[in-house]
Amino acid sequence: MGQYFDNEKLPSKMVKTSAVILGKRFTFFTDNGVFSKDGLDFGSRLLLETIPLEEVGGKVLDMGCGYGVFGITLNKILSCSVDMVDVNLRALHLSEINAKENQCSNVRIFESFTYSNIDSKYTSIVTNPPIRAGKKVVYDIVMNAKDHLEVNGRLFVVIRKEQGAKSLIKDLQENGYNVDILEKKGGFFILKCYL
């Protein structure tokens, strides 16, 4: 849990990585104390390659953005407006660097513990929730997304089967969401959740 809430304890060791996502090359700077510091992880790539892009556009929230993979990729591929939020200050700093490196426009990057500083509604919320932060945080992110979605908005989530994907789906449905499983691969589930 430390990597999400103790922003400055690990010494910085910034690394430059690159990835081809949806046919486009991106450069990402990563660092100690952020998720997937060695480069794009399988679950995030699977989400980006699975979600129906025609349903994502408009205004997008990258919740728990880390160093900015979802927000930056969707901004560049779809030319959509993106807000990127995280509680980890190092992650936010990296997101700012990466947004400039990838020449993004119409992107806001700011600190928020889950939805505490969110004052907008979104067409789509995209998240790879921070499992290590605990179930309470993960459930705050996914269950309360509906309060920040526009009419017909969608929440896209990647979660591992072994980290409770099936129980999360059940709990989402009991909380009023329709849930479509868009993909199951490598132990990961890609979910589309809507009201």
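Keep in mind that the model is predicted.

Let's start with helix α2, residues 42-50. Which of its residues are buried? They are G43, S44, L46, L47, L48 and T50. Now look at the N-terminal end of α2. D41 caps it. One side-chain oxygen of D41 sits 3.4 Å from the backbone nitrogen of G43.

Next stop, T114. Find the loop that runs between β5 (107-111) and β6 (122-127); T114 is in there. Is T114 buried or exposed? Its relative accessibility is 7%, and buried means under 20%, so T114 counts as buried. Its side chain makes a polar contact with the side chain of D140, at 2.7 Å. Setting aside neighbours within four places in sequence, T114 touches M63, V137, D140 and I141.

Last, a helix pair. Helix α5 covers residues 135-143, and helix α6 covers residues 165-174. They pack at an angle of about 45 degrees. Their axes are 11 Å apart. That angle makes α5 oblique to α6. The crossing is right-handed. Who meets whom? From α5 come Y139, V142 and M143. From α6 come S167, L168, D171 and L172. By class, this contact has five nonpolar residues, one polar and one charged.

Methods. Residues are numbered from 1 along each chain as its sequence is written. This is a predicted model: local features need pLDDT of at least 70, side-chain atom pairs count only at pLDDT 80 or more; totals for chains, interfaces and linings use all residues. Side-chain values use heavy atoms; hydrogens and water are left out. Helices (H or I, at least four residues) and strands (E, at least two) are DSSP runs, numbered from the N terminus. Buried means under 20% relative accessible area, exposed over 50%, partly exposed in between (1.4 Å probe, protein chains only). A polar contact is a pair of N or O atoms within 3.5 Å; within protein, one must be able to donate a hydrogen and the other to accept it, and residues adjacent in sequence count only if both atoms are side-chain atoms. Contact means heavy atoms within 4.5 Å. Axes are lines fitted to C-alpha atoms, for helices over the stretch in contact, and angles run from 0 to 180 degrees between N-to-C directions. Angles under 35 degrees count as roughly parallel, over 145 as roughly antiparallel, 65 to 115 as roughly perpendicular and the rest as oblique. A crossing is left-handed if the near helix is turned anticlockwise from the far one by less than a right angle, and right-handed if clockwise. Ala, Val, Leu, Ile, Met, Phe, Trp, Tyr, Cys and Pro count as nonpolar, Asp, Glu, Lys and Arg as charged, and the others, Gly among them, as polar.
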